[in-house]
Amino acid sequence: MKYEVVITSGNSNQAPIGAFFKGDFVTLHLYGGSHTFENLQKDEFYILNTCSPYLIAKSVLDDAGDYEYLDNDGTKIPYLRDSYKIELIEIKNRKIVETKNEFGSSKLMIVEGKPIFEKILNCNTSAYNRADGAVVEMAVLYSRKNMISKEEMNDEMTRLMKIIKKVGSKNHIELAKKLGV
């Protein structure tokens, strides 16, 4: 199954990503050109942050976050303080392939890892709000803004913003505006 999470690695780098869970392994698909791609080419560990949809969407904008650091045999690995749960993932395998689609070719790194430590930080008891899903969808669009037409982007962002304005909080609305509406 694929879950939306935030990966933290390197020197306080955060990235929202879909992580595939199968058995005892986690698989990530990272496209070239990002800090996370560069970090996970050399790092042996990263932290998978299970967190609110709001934090997932916010993490697409930049690396600013409220970080703590897990000490793993003298190596400090960042995690988001507001995560529900963190998992230390040991990288077991990397494979870089060339992919092609309608937007051209790019490098894709497939990273397989195994969870070796987990810690519950925050037991969330808040109810799900439709604005949570809408800001995550906006973040996905934002991350693909150079791959889709401006018209399609505007139409979808406008549709999602209507949902956020209808059922979201002030924080949801402010984040949506930063993501491009």
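A search of the whole structure, which is a predicted model, finds zero disulfides, a disulfide being a pair of cysteine sulfur atoms within 2.5 Å. The reason lies in distance, because the sulfur of Cys51 has its closest cysteine sulfur in Cys123, 15 Å away and too far for a bond. Cys51 counts as buried at 6% relative accessibility, whereas Cys123 is exposed, with a relative accessible area of 63%. Here buried means under 20% relative accessible area, exposed means over 50%, and partly exposed lies in between, with a 1.4 Å probe and protein chains only.

Residues are numbered from 1 along each chain as its sequence is written, and side-chain values use heavy atoms, with hydrogens and water left out. Because the model is predicted, local features need pLDDT of at least 70 and side-chain atom pairs count only at pLDDT 80 or more, while totals for chains, interfaces and linings use all residues.

The interior can be approached through its nonpolar cores, a nonpolar core being a set of buried Ala, Val, Leu, Ile, Met, Phe, Trp, Tyr and Cys residues joined through side-chain atoms within 4.5 Å. The largest nonpolar core has 18 residues, of which Met138, Met157, Ile164 and Leu179 touch the most other members. Two or more residues of this core come from each of helix H3 (130–143), helix H4 (150–167) and helix H5 (170–178), and H3 gives the most, with seven residues. Apart from this core lies another, of 15 residues, among them Val5, Ala19, Ile91 and Val111. Helices (H or I, at least four residues) and strands (E, at least two) are DSSP runs, numbered from the N terminus.

How do these helices pack against one another? H3 and H4 pack at an angle of about 155 degrees, with their axes 9 Å apart, where axes are lines fitted to C-alpha atoms, for helices over the stretch in contact, and angles run from 0 to 180 degrees between N-to-C directions.

H4 and H5 pack at an angle of about 160 degrees, with their axes 9 Å apart, and that makes H4 roughly antiparallel to H5. The contact is made by Met161, Ile164 and Lys165 of H4 and by His172, Ile173, Ala176 and Lys177 of H5.

Two strand residues complete the tour. Lys114 has its place in strand S8 (residues 104–120) and, at 28% relative accessibility, counts as partly exposed. Lys114 and Ile89 are 25 residues apart in sequence, and their C-alpha atoms are 5.3 Å apart in space. Leaving aside its neighbours within four places in sequence, Lys114 is in contact with Asp24, Phe25, Leu88, Ile89, Glu90 and Lys92. Thr75, found in strand S6 (residues 75–80), is partly exposed, with a relative accessible area of 44%. Thr75 and Phe45 are 30 residues apart in sequence and 9.5 Å apart in space, C-alpha to C-alpha.

Key. Angles under 35 degrees count as roughly parallel, over 145 as roughly antiparallel, 65 to 115 as roughly perpendicular and the rest as oblique. Contact means heavy atoms within 4.5 Å.
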